[in-house]
Amino acid sequence: MFLKIVQVAGFLGSGKTTTILKLTKRLGQDGKKVTVIVNSLGGVPVDGMVFRESGLKVEEIGGGCICCELAVNLANTIRLLKEVYDPDVVLIEPEGLAIPNQVSVGIASTKVEVELCPILVLFDVTNAEESLDEKRLGYIVQKQLADAEIIAINKIDLVNESTLAKYEDVLKSVNTSAVIVRISALKEVGLDELVLSLRV
Amino acid sequence: MKHKFKYLSFGALFRLFFEQQLDTVSSERMMTELVRNMASDFERNMGSGGLLRIKAFLKCPAGYIKADVTGVKKGVFVESTVKERVKRAELAINIVTQEIEKEEVEAIALRAMEKILTPLNGRFSPVKTHKNAAEPWSRVFHV
């Protein structure tokens, strides 16, 4: 059976680490062996420490971005994980400025036979206006969203229905083909639908 | 493929020691204040529209405390598994930012450490993360 690879992308602070922690818990309950690859720009991989504290098997790729200069490291790390742990699923957390399609190119270049699950991009609805503002960093967020096959609107427990509906419409205009789900990773809301959409 | 803009990432690891043990409330508050203090200082240096992400992770013998902030307007998010008093710990800090020099980032982080730890009778010393590193900080540029 092919190794399933799930990319959990999204801008800084969108909730990638929390979502991965909750997803691994869900998948573990289903009897699946899950490992994590976490990418951070800096030399001190804080997220890797969090995953390790939670008892997860994690490989860190630090000191750069896996969507560009460290794409080869990503491919090699997937192969290493397959050889050492033989997991059913690998969850990948790119750093928050990575471009998802570029990460997928790196994944596809691995020597391991893999099944790429739909690209998941998280969107922090509590920071929606600022993160979509093109005068600031909106073009990165919009590029990430445009690459998504699933957009998970995260932190839905912190906003009202009209805000959710408003930004759901905005996201549909940014990416017309992506499946949009609503989640609160922290509160574990909407994760069943997310897991179904990811086909893991 | 290269990113279109330049940003910096800094990471550092410190050993902490407290003369008097910190209780769980105080240690969580320390992490919150540390990250909040850094974020405020960054805001003064770079304005409120820039990119800022700070993650701090305190590894104690029994558990951890993670504190992080995105941007400068949002609050600090704290998660703790620590249920015992803290005397020694390791603190990892990761900062992603823009439009600011490396020396300023270091100064902001160290100033916050001094300000928050001193009233708690806490001391800190940097840990080199790489064998040959001349300094604890690491950085990455993307253009």
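Helices (H or I, at least four residues) and strands (E, at least two) are taken as DSSP runs and numbered from the N terminus. The structure is a predicted model, in which local features need pLDDT of at least 70 and side-chain atom pairs count only at pLDDT 80 or more, whereas totals for chains, interfaces and linings use all residues. Residues are numbered from 1 along each chain as its sequence is written, and chains are lettered from A and ligands numbered from 1 in the order in which they are written.

Helix α2 of chain A (residues 46-53) is mostly covered, with six of its eight residues buried. A residue is termed buried if 20 or more other C-beta atoms lie within 10 Å of its own, exposed if 12 or fewer, and partly exposed in between, with C-beta atoms placed from the backbone. In α2(A) the buried residues are A:Val46, A:Asp47, A:Gly48, A:Met49, A:Val50 and A:Phe51. After this helix comes A:Gly55, with a positive phi near 85°.

Positive phi values also occur at residues other than glycine in chain A, including A:Lys155 and A:Glu188. Most residues other than glycine have a negative phi. The phi of A:Lys155 is near 70°, and this residue lies in the loop between β7 and α7 (161-174) of chain A. A:Lys155 counts as buried because it has 24 C-beta neighbours inside 10 Å. For A:Glu188, phi is about 60°; its loop connects β8 (179-182) and α8 (191-198) of chain A. A:Glu188 has 13 C-beta neighbours inside 10 Å and therefore counts as partly exposed.

The strands of chain A were examined next. Strands are said to pair if DSSP finds at least two bridges between them. Strand β1 of chain A (residues 3-10) pairs with β6(A) in the parallel sense over three bridges, and A:Ala9 has A:Val121 as its bridge partner in β6(A). β6(A) is also joined by five bridges to the parallel strand β7 of chain A (residues 150-154), where A:Leu122 stands opposite A:Ala152. Five of the five residues of β6(A) (residues 120-124) are buried, so this strand is largely enclosed by the rest of the structure. In a regular strand the side chains alternate between the two faces of the sheet. In β6(A), A:Leu120, A:Leu122 and A:Asp124 point one way and A:Val121 and A:Phe123 the other, all of them buried.

Strand β4 of chain A (residues 89-93) is likewise mostly covered, five of its five residues being buried. A:Val89, A:Leu91 and A:Glu93 lie on one side of β4(A) and A:Val90 and A:Ile92 on the other, and both faces are covered. Four bridges join β4(A) to the parallel strand β1(A), with A:Gln7 partnered by A:Ile92. β4(A) also runs parallel to strand β2 of chain A (residues 34-40), to which five bridges join it; here A:Val34 stands opposite A:Val89.

A nonpolar core is a set of buried Ala, Val, Leu, Ile, Met, Phe, Trp, Tyr and Cys residues joined through C-beta atoms within 7 Å. The largest such core has 108 residues, and those with the most contacts inside it are A:Val6, A:Leu91, A:Leu120, A:Ile151, A:Ala152, B:Leu34 and B:Ala56. Strand β1 of chain B (residues 7-22) contributes the largest share of this core, eight residues. Two residues are in contact if their C-beta atoms, placed from the backbone, lie within 7 Å. Beyond residues up to four places away in sequence, A:Leu91 touches A:Val6, A:Val8, A:Ile20, A:Leu23, A:Thr24, A:Val34 and A:Val36.

Chain B has two helices and seven strands, in the sequence pattern β-α-β-β-β-β-α-β-β. Buried residues make up 41% of its 143 residues. Of the contacts in chain B with a separation of 6 or more, 75% are between residues 24 or more positions apart. B:Arg15, in strand β1 of chain B, counts as partly exposed because it has 13 C-beta neighbours inside 10 Å. B:Arg15 and B:Ala89 are 74 residues apart in sequence and 6.0 Å apart in space, C-alpha to C-alpha. Leaving aside neighbours within four places in sequence, B:Arg15 is in contact with B:Glu90, B:Phe124, B:Ser125 and B:Val127.
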